[in-house]
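These are my notebook entries on one structure, kept in the order in which I looked things up. I begin with the strands and go on to salt bridges, aromatic rings and a pocket.

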Amino acid sequence: MDRQSRAKGSPSEPVPESRTGQDRADGVIVSDLTLHGMHCESCARIIERTVSRHAGARVTSVDMANNRLIIESRRGHLEEIRDELRGKGYQLLLPGERAAEGFEAGSFRRGIDVLKKVIFNARGFEVEHTLFRYALGAIALVLVVQAVLFGVLFKNTPGYLNTYWSVMLLTTVSVVAFLFAYYHSNAFRKSSSCMTGMMTGMTFGMAGGFLIGAFVGATNGMFLGSIIGMGAGMSLGYVTGRSCGVMGVMEGMMGGLMAGTMGAMLSAMLIYDRLVPFLFILVGTEGVILVAFSYMLYKEFGNMTKQDLRVSGMEFAVLALALNLALTVVYVFGPKTGYVLGG
């Protein structure tokens, strides 16, 4: 595509109506269309990739200032392209159409719509729905095992439930949510740009380090919370950020380093000021961030395919259980310093 066509024009200029051209001799139709929701070069790249996935279709000109797009496509493909772009938050208006509200890029409605498609196994989201089922199964397995451990080992431990029930429940949900986001992002690892790779490392490093630091800080104190939080955050940042090389690794590990200590510090500061309710709010907020992260990947790369899913339900559940039990050992048997839950 001619990069000079990324227009500089004035936004105040009137936007002409969309129009489709006549068939060329080779059967290709050239369409000059209005497009809403395109704000930057990243948007343009997403749109170009989306269009090019259709045989014989390509974007030949993008005018961001005036919301114009010229597409070459074969007959019958334009409607399919329009529907796919709308699914990503971009409205490609055919002749005579008007823009609908609530479908612009980044709108809350679009995110909720995609979430519903994942939950209810909509066409094109079958693999994401499979990951969702894996997540529910893993949560059920971990909770059952935790219940068995309580009945066998900890039933007679004074104050066990009052001290640990909230943190263990939140840990179960958090571990599974991170595994979902990890396997979703891992599907696109080879095609990630440097910017996406750095964002991935930073998101996992900071979010994971902060949560684990806060959990361990609540049950064991600030020292161990900082150590475990840093270790978890930096490890997550390294594993997820390395897709774009040293920059992604550095971003992820630095994020994990800072967030791990901050999470532990937060628990130490709130230990007598409604810490448990805040942890629930914190997990909910981080859950929203992970959902938004997966939505960003969907917009950037499209839906996963079966060959992209590199984990089975059993592997997902076993890994979730192993991570959960490892943290349980830390919570219950790790050294406790300062003021902690139950102490």
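**Basis.** I am working with a predicted model, in which local features need pLDDT of at least 70 and side-chain atom pairs count only at pLDDT 80 or more, while totals for chains, interfaces and linings use all residues. I number residues from 1 along each chain as its sequence is written, and I take side-chain values from heavy atoms, with hydrogens and water left out.

**Strands.** I took helices and strands as DSSP runs (H or I, at least four residues, for helices; E, at least two, for strands), numbered from the N terminus, and I counted two strands as paired if DSSP finds at least two bridges between them. I looked up strand S2 (residues 28–36) and found it joined to strand S4 (residues 68–74) by 7 bridges, the two running antiparallel. Within this pairing I noted that Leu33 has Leu69 as its bridge partner, and that Ser31 has Ile71. S2 is also joined to strand S5 (residues 91–93), again antiparallel, by 3 bridges, and there His36 stands opposite Gln91.

For accessibility I used relative accessible area (1.4 Å probe, protein chains only), with buried meaning under 20%, exposed over 50% and partly exposed in between. By this scale S2 is mostly covered, with 7 of its 9 residues buried, and S4 is mostly covered too, with 5 of its 7 residues buried.

**Salt bridges.** How many salt bridges does the structure hold? I counted 6, taking as a salt bridge a side-chain nitrogen of Lys or Arg within 4 Å of a carboxyl oxygen of Asp or Glu. One of them joins the side chains of Asp32 and Arg68 at 3.1 Å, N to O; because Asp32 lies in strand S2 and Arg68 in strand S4, the pair ties together parts that are 36 residues apart in sequence. I found both Asp32 and Arg68 buried.

Glu72 and Arg58 also meet through their side chains, at 3.1 Å, N to O, and since Glu72 lies in strand S4 and Arg58 in strand S3, this pair ties together parts that are 14 residues apart in sequence. Glu72 is buried, at 12% relative accessible area, whereas Arg58 is partly exposed at 42%.

I then turned to helix H2 (residues 77–87), where Glu79 and Arg82 lie 3 residues apart, about one turn of the helix, and their side chains form a salt bridge of 2.5 Å, N to O. Glu79 is partly exposed at 39%, Arg82 is buried at 12%, and a network of salt bridges links Glu79, Arg82 and Asp83.

**Aromatic rings.** I paired rings of Phe, Tyr and Trp (its six-membered ring) if their centres lie within 6.5 Å, calling planes under 30 degrees apart stacked, over 60 edge-to-face and the rest tilted. By this rule I counted 11 aromatic pairs. Tyr134 lies in helix H4 (residues 126–154) and Phe316 in helix H10 (residues 313–333), so the pair ties together parts that are 182 residues apart in sequence. Both Tyr134 and Phe316 are buried.

The rings of Phe154 and Phe333, with centres 6.3 Å apart and planes at 45°, are tilted as well. Phe154 is buried at 8%, but Phe333 is exposed at 61%. I also noted a cluster in which ring pairs link Phe150, Phe154, Tyr160, Tyr164 and Phe333.

**Pocket.** I searched a 1 Å grid over the protein atoms alone, a pocket being an open set of points where a 1.4 Å probe fits, with protein on both sides within 12 Å along at least five of seven lines, and lining residues having an atom within 4 Å of a point. The volume, taken as the space filled by probe spheres set on the points, is about 1,000 Å³ for the largest pocket. Of its 44 lining residues, Leu115, Gly287, Leu290, Val291 and Ala292 are the closest to the centre. Helix H9 (275–301) is among the helices that each supply at least two lining residues, and H9 gives the largest share, 14 residues.
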